[in-house]
Amino acid sequence: MSNLLDQVNPELFRIYAFWSVILVAKMLLMSLYTTVTRFRKMAFINPEDVKSISAKLKVIFGDPDVERVRRAHRNDLENILPFFVVAFLYLLTNPDPRWATKLIRAVVVSRIVHSLVYGLMPVPQPARLLSFGVTMLVTFYMVVQCALYFV
Amino acid sequence: MSNLLDQVNPELFRIYAFWSVILVAKMLLMSLYTTVTRFRKMAFINPEDVKSISAKLKVIFGDPDVERVRRAHRNDLENILPFFVVAFLYLLTNPDPRWATKLIRAVVVSRIVHSLVYGLMPVPQPARLLSFGVTMLVTFYMVVQCALYFV
Amino acid sequence: MSNLLDQVNPELFRIYAFWSVILVAKMLLMSLYTTVTRFRKMAFINPEDVKSISAKLKVIFGDPDVERVRRAHRNDLENILPFFVVAFLYLLTNPDPRWATKLIRAVVVSRIVHSLVYGLMPVPQPARLLSFGVTMLVTFYMVVQCALYFV
């Protein structure tokens with residue numbers, strides 16, 4: 001595998017690594033934002049959570065604001081986690097570093113916008129569709145490049 | 001780590017990389033298929049989606065067909081994403097390349113079958129159970145091989 | 001990239017690899033435990049599952065025990081999978097091996113405790129909060145270390 005890994009541009013790998021941890025931080029913030037939203041709406045789902053806060057509180061399922069943040073978070077799992085895998089493999093296909101850097105940055109921006117317009121403040125469509133689509137297109141492009149290279 | 005990575009069979013890594021991106025493409029298709037199913041059933045969950053399509057449309061939670069595709073997709077997250085990690089580490093344990101190739105291909109086939117019988121067209125059990133079980137068994141096998149090698 | 005990967009301490013990578021596959025095994029057990037719980041409560045969600053077990057059985061959505069295990073499992077996806085990525089990149093930042101080993105082990109212990117107090121047997125808070133918090137803090141710490149190193 002050394003022959004595979006040795007051809008990765010170290011500068012490009014650095015960019016991949018830096019933006020990957022930024023995306024992870026963004027994902028973890030969705031988790032914290034879910035908790036913030038549960039407290040704001042006092043909508044907790046586990047009996048032991050409710051008990052630890054107030055004896056009068058009841059379990060509340062399906063609060064729309066909480067569920068909205070959770071859908072945004074799940075969308076991250078569906079799109080960002082596979083991106084980490086494909087982008088890592090894409091780095092091994094000897095891409096043009098400047099082009100690959102642009103693709104990685106486009107994904108980071110689009111996923112941050114997606115979280116803002118989905119989880120934080122609803123914005124009329126097609127804001128979410130476009131932000132979702134950028135990452136989807138870049139990931140599919142990388143899949144095709146990898147499939148052609150590794151086939 | 002060079003001593004670890006250098007022992008990976010480049011041909012085997014190529015097979016891992018190729019089939020991994022195929023599995024990622026399959027996962028992304030579940031996402032698109034969810035959207036297709038939402039349009040087919042006109043079952044949208046976000047107020048801004050509904051508004052952007054028709055003034056008369058209402059938000060619909062829990063459409064059985066949409067939820068079915070979403071469960072199939074979530075099952076991918078639960079099984080394919082951990083497989084990427086374990087299979088990558090398994091490549092470093094110096095496995096027989098022909099055996100490892102068979103395991104990887106078995107997982108790919110079983111996950112594609114799983115998506116077909118779960119997300120696309122319900123088929124009587126044990127079709128889904130078997131397709132789910134193949135990946136589960138291969139992943140557990142790789143976990144054991146890795147645990148014995150890296151302990 | 002060879003210059004990046006060559007600086008990884010092989011012993012530290014071994015520890016990362018070993019505990020990663022243990023965490024994957026723990027995640028897969030959540031999947032099996034969901035099935036066990038569905039049988040215990042006879043709460044199946046797909047028509048073809050119900051049919052294959054008994055003609056009298058009906059589909060049951062939202063059984064509290066099943067949903068509880070599923071939430072614990074989803075929490076794994078949200079926290080363990082990003083940890084795999086960040087921890088791998090963190091290994092490339094030339095951390096002190098003994099410190100990095102402690103961080104990895106803390107995450108493993110905290111996630112096993114989290115599964116026990118969430119999925120297996122409800123325990124009064126703040127048991128789950130603390131077990132969740134350890135992994136969250138370690139992951140954020142690694143994100144910051146990686147961001148500073150790769151920027």
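**Close-up 1. Polar contacts across the interface of chain B and chain C.** In this predicted model, 9 residue pairs are in polar contact across the interface of chain B and chain C. Both residues of each pair have pLDDT 80 or more. Three elements of chain B each give two or more residues to the side that touches chain C: α1 (2–5), α4 (64–91) and α6 (127–150). Of the elements, α4(B) gives the most, with 11 residues.

**Close-up 2. Residue types on the side of chain B that touches chain C.** Nonpolar residues number 22 on this side of chain B. Polar residues number 5. Charged residues also number 5.

**Close-up 3. Salt bridges between chain B and chain C.** The count between these two chains is 3 salt bridges. One of them joins the side chains of R68(B) and E48(C). The N to O distance of this R68(B)–E48(C) pair is 2.5 Å.

**Close-up 4. Extent of the contact between chain B and chain C.** Chain B puts 32 residues into the contact, and chain C puts in 31. About 2,800 Å² is buried between the two chains. Carbon and sulfur atoms give 72% of that area.

**Close-up 5. Chain B laid on chain A.** The copies use different surfaces: of the contact residues of chain B, 13% recur in chain A.

Methods
Residues are numbered from 1 along each chain as its sequence is written. Chains are lettered from A and ligands numbered from 1 in the order in which they are written. This is a predicted model: local features need pLDDT of at least 70, side-chain atom pairs count only at pLDDT 80 or more; totals for chains, interfaces and linings use all residues. Side-chain values use heavy atoms; hydrogens and water are left out. Contact means heavy atoms within 4.5 Å. Buried area is the accessible area (1.4 Å probe) that two parts lose on being put together, summed over both. A salt bridge is a side-chain nitrogen of Lys or Arg within 4 Å of a carboxyl oxygen of Asp or Glu. A polar contact is a pair of N or O atoms within 3.5 Å; within protein, one must be able to donate a hydrogen and the other to accept it, and residues adjacent in sequence count only if both atoms are side-chain atoms. Helices (H or I, at least four residues) and strands (E, at least two) are DSSP runs, numbered from the N terminus. Ala, Val, Leu, Ile, Met, Phe, Trp, Tyr, Cys and Pro count as nonpolar, Asp, Glu, Lys and Arg as charged, and the others, Gly among them, as polar.
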